[in-house]
Structures are given as C-alpha cells and as structure tokens.
Amino acid sequence: MKKVKVLMLAALAFFSKSQAQNYLNYNASNAHSHNDYMQEIPFWEAYYANFGSIEADVFLVKDQLWVAHTEKELSPDRTLENLYLDPISKQIKLNKGNIYPDTKKKLQLLIDIKLDYKTSLNALIKTLKKYPEITGNNGIKIVITGGRPEPSDFKNYPSYLYFDGDLDKNYTSDELKRIGLFSADLPQLVKWNGKGIPRDEETDKIKKAVEKAHAQQKSIRFYGAPDFTNAWVNLMDLGVDYINTDHIPDLKKFMNTIPKNFYKNTKEYSTYSPTYKTDGISKKVKNVILLIPDGTSLPQYYAAFTANKGKLNVFNMKATGLSKTNSSNAYITDSAPGSTAFATGVKTKNTFVGVDGAGKALAQIPDIIAEKGMVSGLISTGDITDATPADFYAHSDNRNNSEPILKDFVNSKTKILIGGPTSGLSQENRQKIKDAKIDLFEDLKSVNKINNRTLVIDPLASKRITDGRGNWLADAFDLTLNDLKENKKGFFMMVEASQTDGGGHSNNLEQLVTELLDFDEVVGKAMKFADENKETLVIVVGDHETGGLTLLDGSLKDGWVFGNFSTNDHTSIPASVFAYGPNSKEFTGLFENTEIFNKILQAYGIRK
C-alpha cells in the first residue's frame, strides 16, 4: 500500500511538471469567475462561457442568503437562490440531469461565507433542501470558503458540502475527503505583479504550493492573482488548476483559442549552411529569386524558428531590413497593392493588381527584364490568379476578376506560372492558352521538363501542408529553377507561400508555422543555388503582416510555441526583409515596399 502511494505521488509530481508545458490541458473548465455576482449578468455569463467554477459571496439577512461584495451593496432581489440556485436547477432539468449539455462538464459553486458561518451554513443547508437535483448531482460541487468550520467539524455537515482547503493545515484522510479544492492568497505568497515571469524564488514558492495540492489529489486556485493574459499564461505554466478572472469574455476567448494558438513541431529539419562568399559584395547579378511568405513578419518567423528548435534558413541571412507596407489609399494594405509595389515600384490602391491608382497598367519585372533577354517564373501555393502572383503578370482594378486576370497571363512575358486551381480557367481562356502555344498541365507531377511557356494548375498546390501537400512547393521550385537557370542572360523567379497568410486570417498557429517551415526549406534551396551560381540575389519579404501575432511562450529546446492573435485581418506592422548574395546590403534599414522593385532592377543593372 505504501509503495502504491509513493508511485501515485510520483505520478502527480510528474503530471504537474509536464503540465507546465502543455497548455492543451486547459480549457474553459479551468476558469473561475471571481466575484461572479458583480458581472453584468451573474451566473449566466460564466455559464455560457462554459466556466468550471463560479464564486458568490453571501450574507445572512432575515434567514436568507443575500449575494453582495459588501453589506452596503445588499439587496433583497439578489439572493443566492434567484441568482444561482434557481438557474442551476433550471439547467439541470433542461439538460436531463446534467449541469451542462456536455455530460463531461462539471460546475463548482464556491460560496464565500461573509458573516457567522454557523448560522449561515444552517440557512444554506435549509435552503438546499429545496434543491435535491443540485445536492444529489455528481456534476455540481458546492464548496464553502470564507467562514468555515474547523476540519474536525466537517463530518457534522451534509456530504454534498465541501470546504476550501488551507495549504498550511494538515488534514486527516477523512477531513481531506471533504476538501473541494485548495485556495491561497497569491499576494501573500509572492510579490509578482503578473508582468514578465516570477523571480526564481517566487516560481519555486508557487510550484511548491501547486505540488502540495496535487500530491493530495486536489485542485488549486490563487485569489488576488493578476488578471490578464501574461498572468494567465504563467499560472497555467505553473500548473494552477483554476484561473481566477473578473474578465469573463477575455478569459473565455483566451481559453477557447488555446488549441489554435499552441503548436509543437513534429518535423524538425536542418538548415542550409551558407558560404557567404558572394554575400554582400557589390556586383551586377544575372538572377533574382524573390520569396514572399504572405502575411508574414518577425513574429511569424520567430514562431517558426522556435518550432524548429532555433533553426531557420531565413535567419542565416545577414542583411535584414523593414518594408513599409501601406498602400496608396490605406494605412493597412491588402496583398494586391502589397506585391504590386514589389512588381512595379508603384504604390496603388487596395484590391488593385498591376495598375496605378487611376487603373493604368504598370510595367512589371517579368516584362521589363524580357527586353534584356531574361526569363521569369512565378510559383504560388494558392490560386494562380490570386493577388500576389497576378501582380507580376496581370493588370486589373479588382483582384477578384479571375478570368480577365488569367487572360492577361497569355499576353504577359512570364514564361512559367505554377499554382492552384482558379475559377478563371474558363473555356475561352483554355482556348486562348492553347492558341498561344502555352503548355497547360493540371498536375505538377506530369511535368517532366519545361520546353515552352508553361502553365501548371495543380489542385495539390492549394492544399495545406498538414493536409498532404507534401514537397509540392520544393518540387515546383526545382522544376522552375532547372529551366530558368538554362537561360544564359538570367532570370527572375517569384515564389509565394500563400497559406501562411491563411494561418494568420484563421488565427491558426499550426497552419501558419507549418506553412512557413515548408517555405523556409525552399529558402534554403535558393541560398544553396546562390552560393553555387555566384550571380544570384535572394530576397525574402512578406507583403504585409496578418493576425497581429504575439508570442506568449515557447521552447527553443523542445520546439513548441504558444501565441495569441489580436485580429483576423492584416495589420500595418512593417514586413521583415532578408537578403542573401550580391547586393544584399542594399536591403537593410527601413524603406518603402516599392524599394524592393528599385533595388532588384539596380541589382540587374537595369535603369527604369
């Protein structure tokens, strides 16, 4: 028996230690609505947020338990019955004996006795006799805090009543059975204000309190704890079971989005080791590879860097800068003007593709360099007529006009266009593509070698990496590079990771990170080619940031990251710029996104 107890304690200690890095253990059931009666809608707001614990302070007035924070706020229409017991009873009946529709969910009602506990508890027991559906329900735990009897008197109260435990007391095994949870005053334990992380000695104090509760197979909460995101993260990291809050909507959203905000990498890869032999030298280049991770800036890169255990090809580039992303008519751009700036050197309006603010067609890099005998290839993991690839070959005042946008590809000087399906592939466009002697493929694997102008529309391109896209992007890069590099006068290649942006829009950290890691492996391929070729400039830049990502926690050692998004749309945060190869030093500092275009032409030795 003693051996079993030791093993149980060891398992609990291991659980609390491993839990510190597993935020996925937490959901709204771990949320405690502190002073719930002060909410605009007591009980119901926390209940519909699926909170696991709700607190009510009570005063005994005329044989009734009235709910209030202080005696000055007492009101006869705010009783424990009408604010809590009646609604709980109603929901149990509605859910056929369960407090929540989900039979696995339970509710803890923490009743804080503010005056003489003996008379108050007697009144509570008398009141609860009217609610057998509550007192006999395994899904409801009524816990008494505040004024409480001595542990030796627990046995004198009905078995449906539990009591808030004191970590400084030692309980017998029978007394411990009546402990509902342990509560502790955090400000008395540590001086940590919730910002940053607690000092080491404070962390140790909190951990010991948590471990002591867990060793007794009980949950723990800290009252008086700081109540905002960083504090919640740290308390969860330390294994605290119930997170106190006065901000129900905020904690609800935070808890509910944990599964999408946490990611642990399962596919670590090694990065390419650059030679840096031609990096930063002033030399005219023959080739430029522009890599665009849509919707990406420094937070996204660092999330991917963390997930890959401190390795990222793009971070091996020494030349770094910042690109201002605003469009001509908005502080926050969309992708259309974002990459039109890269392709043409002109800022234009939101939704405008390859045209200026008046709708006039602009000269794009593929057409400009074609006059010098150079060739171009465009790749995207999204719709081939989507904004970013279209910005390099089409001209439209509406990025959603897929059919005319694809028609523009026929007339452009771009040799290769590879990406995902589009509604723009009408029968008319199919005929125009055929008449222009453009080879059309609807599967990348079916293309053994590129001979003519080529259009590949592959459904696999639009799949997420987590849905089985595999090495599609790397294969498309290799196929395109193997053709373009044969052109002796040089080439331009644009590669877009479209679905990094999707991860930001959907606030899905797993999608964002896995897409960015897939993209970064292609960055390594580009850097390797630049080292071998010695006349190639590689540029990595996002067209804008999406999601307002912040990183709350992570482990460079173990490859996991925990973040939070502030929006499901684009932001005005400047995009990070990275460059490698000849003339890479020109991409440092803060500059307008249009400078990407100008610096590319300068690297080619072309004057616009």
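Which residue stands opposite Tyr-162 in E6? I started there, and I found Val-143. Before going on I noted that this is a predicted model.

**Entry: strand E6 and its neighbours**

Strand E5 covers residues 140–146 and pairs with E6 in the parallel sense, over three bridges. I then checked the other partner I had on my list, strand E7, residues 179–185. E6 and E7 pair in the parallel sense as well, over three bridges. Here I wrote down Asp-164, which stands opposite Leu-181 in E7.

**Entry: the whole chain**

I stepped back for some context. The protein chain has 21 helices and 24 strands. I got a span of about 95 × 50 × 45 Å for the C-alpha trace along its principal axes. Of the 608 residues, 56% count as buried. I also looked at contacts between residues with a separation of 6 or more: 69% of these come from residues 24 or more positions apart.

**Entry: strand E16**

Which way do the residues of E16 point? I went through residues 454–457 and found Thr-454 and Val-456 pointing one way, with Leu-455 and Ile-457 pointing the other. All of them are buried.

Then I looked for pairing. Strand E14, residues 416–420, runs parallel to E16 and is joined to it by four bridges. Strand E15, residues 439–441, pairs with E16 in the parallel sense over three bridges. Val-456 turned up in both searches: it is the bridge partner of Ile-418, and Phe-441 stands opposite it.

**Entry: helix H16**

I moved on to H16, residues 402–411, and noted its buried residues: Ser-402, Ile-405, Leu-406, Asp-408, Phe-409 and Val-410. What do they pack against? My list has strand E13 (375–383), helix H15 (387–390), E14, helix H17 (427–435) and E16.

**Entry: two helix pairs**

For packed helices I use the angle between the axes and the distance between them.

I took H9 (residues 229–237) and H10 (residues 248–256) to begin with. Their axes come within 11 Å and cross at roughly 50 degrees. I therefore call H9 and H10 oblique to each other. Their crossing is right-handed. On the H9 side I found Thr-229, Trp-232, Val-233 and Met-236 making the contact, and on the H10 side Asp-250, Leu-251, Phe-254 and Met-255. These residues divide into six nonpolar, one polar and one charged.

Then I turned to H13 (residues 335–344) and H21 (residues 594–604). Here the axes come within 6 Å and cross at roughly 20 degrees. H13 and H21 are therefore roughly parallel to each other. This crossing is right-handed too. Ala-341, Phe-342, Ala-343 and Thr-344 of H13 meet Thr-594, Ile-596 and Phe-597 of H21. I sorted this contact by class and got five nonpolar, two polar and no charged residues.

How values were computed:
Residues are numbered from 1 along each chain as its sequence is written. This is a predicted model: local features need pLDDT of at least 70, side-chain atom pairs count only at pLDDT 80 or more; totals for chains, interfaces and linings use all residues. Side-chain values use heavy atoms; hydrogens and water are left out. Axes are lines fitted to C-alpha atoms, for helices over the stretch in contact, and angles run from 0 to 180 degrees between N-to-C directions. Helices (H or I, at least four residues) and strands (E, at least two) are DSSP runs, numbered from the N terminus. Angles under 35 degrees count as roughly parallel, over 145 as roughly antiparallel, 65 to 115 as roughly perpendicular and the rest as oblique. A crossing is left-handed if the near helix is turned anticlockwise from the far one by less than a right angle, and right-handed if clockwise. Contact means heavy atoms within 4.5 Å. Ala, Val, Leu, Ile, Met, Phe, Trp, Tyr, Cys and Pro count as nonpolar, Asp, Glu, Lys and Arg as charged, and the others, Gly among them, as polar. Buried means under 20% relative accessible area, exposed over 50%, partly exposed in between (1.4 Å probe, protein chains only). Two strands pair if DSSP finds at least two bridges between them.
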